[in-house]
Amino acid sequence: MATNHEGGPFVPPNARGVRMQPNPPQPGFPQHGPPTPGGPAPWGRTAPAKPRANAPAAKVAGILAVLAAVMLVWFALYNVIVATESDGRPSGITVQNMVSGVVSAVVLVIAAAFTFARRIPGAWTLFGLCAFYVVAVFVGAPLVWGTPFGAQVKWLFSFDDGDSTAMALTIILAVLTAIAAAIAASVKSNDTSS
């Protein structure tokens, strides 16, 4: 018969009212019971697929976004040419056009990459950026530079020089990209293929 350290009979811990806690799961060993939130799926079962953006709409939105980014680079390069041909310092609007064209193109390509990867937040970000670009060109630029709205629209869709053509195509592509990105983000699919 087993005895405790005082010489009396040994009583197991569970019989004394003390509850023992199970050991935490060790990495590399199969987990028993329900899966822990955010943890790996139990052996023999796969984790449920995360919802992803709709594949065809995400691809269309990404391609349109890359085309819009190319138009923004065209716009910026046209303003670089205008700045180099001018005598002296380039005007404030020319510098703003160069910087905003390049920065907008880079941001648009990053959002397009996440949309190509079928990430739902990436598709919504692409939608928001494209909607912002349309509002910025139609509303923001006339307010900042004091241009009448009618003159801004006439300049945009006159297609008479390189920068107005680039901006008109950017606006058209941004509207189409925003529509495709909204469709890609809202029509979710649970498939795991790319």
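Figure 1. Phe149, at 51% relative accessibility, counts as exposed. Residues are numbered from 1 along each chain as its sequence is written, and side-chain values use heavy atoms, with hydrogens and water left out. Because the model is predicted, local features require pLDDT of at least 70 and side-chain atom pairs pLDDT 80 or more, whereas totals for chains, interfaces and linings use all residues. Phe138, Phe149 and Phe157 form one aromatic cluster.

**Figure 2. Aromatic pairs.** Four aromatic pairs are found in a search of the whole structure; rings of Phe, Tyr and Trp (its six-membered ring) pair if their centres lie within 6.5 Å, and planes under 30 degrees apart count as stacked, over 60 as edge-to-face and the rest as tilted. The pair of Phe132 and Tyr133 is tilted, because the ring centres are 6.1 Å apart and the planes stand at 55°. Phe132 is exposed at 53% relative accessible area, whereas Tyr133 is buried at 11%. Phe138 and Phe149 also form a tilted pair, with 6.3 Å from centre to centre and 45° between the planes. Since Phe138 belongs to helix H3 and Phe149 to helix H4, this pair ties together parts that are 11 residues apart in sequence; helices are DSSP runs (H or I, at least four residues), numbered from the N terminus.

Figure 3. Leu64 is located in helix H1 (residues 55-85) and is buried, with 16% relative accessibility. Leu64 and Ala180 are separated by 116 residues in sequence, while their C-alpha atoms are 8.6 Å apart in space. Residues up to four places away in sequence not being counted, Leu64 touches Leu173, Leu176 and Thr177 (contact means heavy atoms within 4.5 Å). Ser104 lies in helix H2 (residues 92-116) and is buried at 15% relative accessibility. With neighbours within four places in sequence left aside, Ser104 is in contact with Leu72 and Tyr133.

**Figure 4. Loop residues with positive phi.** Most residues other than glycine have a negative phi. Arg118, in the loop between H2 and helix H3 (120-145), has a positive phi near 65° and is buried, with a relative accessible area of 2%. Phe159, in the loop between helix H4 (149-156) and helix H5 (162-186), has a positive phi of about 50° and is partly exposed, at 41%.

Terms used:
Helices (H or I, at least four residues) and strands (E, at least two) are DSSP runs, numbered from the N terminus. Buried means under 20% relative accessible area, exposed over 50%, partly exposed in between (1.4 Å probe, protein chains only).
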